[in-house]
Amino acid sequence: MGAQLRVYKRRIRSVTATKKITKAMEMISASRIVKAQRAVAASTPYADELTRAVTAVATRSNAKHPLTTENPTATRAAVLLITADRGLAGGYSSNAIRAAVVLSERLRSEGKDVVTYIVGRKGVSYYSFRNLPVAKSWTGFSDQPTYGDAKTVSADLIEAFTTETAEGGVDELHLVSTKFESMLTQTPVDARLLPLKLDEVQLSDDRPAKSEIFPLYDFEPSAEGVLDALLPRYVESRIYNALLQSAASEHAARRRAMKSATDNAEELIKSLKRLANSARQAEITQEISEIIGGANALADANAGSE
Amino acid sequence: MAELHVELVAADRKVWSGAATIVVARTASGDVGIMPGHTPVLSVLESGPVTIRTTDGGTVIAAVHGGFISFADNKVSLLAEIAELADEIDVTRAERALELANSESDAHAGRRAEVRLVAAGRKVA
C-alpha cells in the first residue's frame, strides 16, 4: 500500500471513531430532552398555582412588602446566570453568558453595582478566566436540577435581597436563563425577579396573571404573613422553573451541536474516501504503466539482440 | 350535594386531584376543615398531615411540608414543597430519620419524620 493511501485510511478511521462518539452523544441528549421537558411540565401546576396566589395577595391587599416595593434609589443589583456544566453544546452557554454581560452593562449604565451569582461550570470558568468577581456559584446539577437545588440557590439570593444595602445586600434580583421554545429554538432571556413587577407576572401559557379576577380571600394569619411566606416560595419556584428550562435547552443545544458534528464527520469521511479511492487508482495505474514499460523495455532489448 | 375539587400539588409534580366532601389541613393558626361553600381563604400550611374525604367515601391522607392552602369557588388548592400520599411513605425510612433527628436533636427533621409517620398511620410516642 502506498504512503498516500495509508494516510487517508488512517484519517478515515479516526474520523469514524469521532463520528461514533458524537452520534452517541446526540442520541443521549435526544432522550434527555424528553425527560427534561416532562420535568418542566410536571412543575407547571405548582408554579401556576403559586403565581395566582402571589398575584391574589399582592393585588387584594395593600400590604407594603419589601419584596414587592420598588426602591427608586437602587444601587446594587444581583444577577443570577444559569449556564451548563459541560461543553459541547454549541452556543448554549456563551449565548447565556453574553445575555448576562449585556444585562450587567445596562445595570451599570443605570448606576447600579452588579453582583454576579452563577450556576454551571461554564459560566464560572468564563468569569474566573477574566478575573471578574463572582459572589457565589453552584455547579454539578445543571443537566438534572431538583427542587432542592433551586432551594439552595434561592436561599442565598433571598438572604442577599433581605440584607440592607449598606451591609452588602442587593436591591434588585435579575435572572438570566435560557428559555426552551422548541427543539430548534432556545433563547436566552433576562427577567427581574425582585422586586416583583405585578404587571409582568405571567402564567405558564404567557397570559398575564393579573388578567384573572380573584375572589376576596381571607388571609390567615394576615395578608403580610401570607406574603412573607409566599414570596420566597415564589422565587424558589421561578428559579426552579428557570433551571429546568435551561436544562432542557442545554440538552436540545447539545443534540443539535452533536448532530451537525456527526453530519460533518460523515461529509469528511465521504470526501476522504474519494481521495483514498483516487490515490488507490493512481497507484494501480502507476503499477500497470510500470509493468507495461518494463515489458516494452524487455521486448526492445530482446529485439535488438536478435 | 356540593363537592370540592381538590388539587394537591408538590413543587415537582401533581400529587393528587379529585372530588371531595371535606379537606382538613393544619395551618399556621390551627387545624382547619374546609367544606363546600366555605368563604375564600388563603393561608399558610404547617408541616402536618392533610386529610381529604373523597366523595365516594374514601379517605386520602398525605404528609405535607411547608406550603399553602387556597380555597375559592369550591376549588381547594394545596401547594406544598414536599407532599407524599400515605401509601407512598417509606415507613422504615421515616422511622430511621426520626431516630437520627432525635439523636442529633434536629427539631425540624424530627417534625418532618413524625408527620410522615402519622400520615402513614403509625403511632408516634
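pLDDT is the predictor's confidence in each residue, from 0 to 100.

**Figure 1. Confidence of the predicted model in chain B.** The mean pLDDT of chain B is 83, with 96% of its residues at 70 or more. Among the elements of this chain, strand β1 (residues 4-10) of chain B has the highest mean pLDDT, 89. Helix α2 (residues 107-119) of chain B has the lowest, 75. Where pLDDT is low, the predicted coordinates should not be read in detail. For the complex, the predictor gives an ipTM of 0.78 and a pTM of 0.84.

**Figure 2. The two domains of chain B.** Domain 1 covers residues 4-86 and domain 2 covers residues 89-119. Taken over C-alpha atoms, their centres are 22 Å apart. Nine residues of domain 1 of chain B contact seven residues of domain 2 of chain B. On the domain 1 side, β5 (48-54) and β6 (59-72) of chain B each give two or more residues. β6(B) gives the most, four residues. By class, this side has five nonpolar, three polar and one charged residues.

**Figure 3. Contact between chain A and chain B.** Here 23 residues of chain A are in contact with 22 residues of chain B. On the chain A side, α1 (3-60), β6 (218-220) and α5 (223-305) of chain A each supply at least two residues. α1(A) gives the most, with nine residues. The chain A side comprises 17 nonpolar, three polar and three charged residues.

**Figure 4. Strand pairing between chain A and chain B.** β6(A) pairs with strand β4 (residues 41-45) of chain B in the parallel sense, over three bridges. Phe219(A) stands opposite Leu42(B), a residue in β4(B).

Conventions. Residues numbered from 1 in each chain as written. Chains lettered and ligands numbered in written order. Predicted model: local features only at pLDDT ≥ 70, side-chain atom pairs only at ≥ 80, totals over all residues. Domains from an automatic or database assignment. Contact = placed C-beta atoms within 7 Å. Nonpolar A, V, L, I, M, F, W, Y, C, P; charged D, E, K, R; others polar. Pairing = 2+ DSSP bridges.
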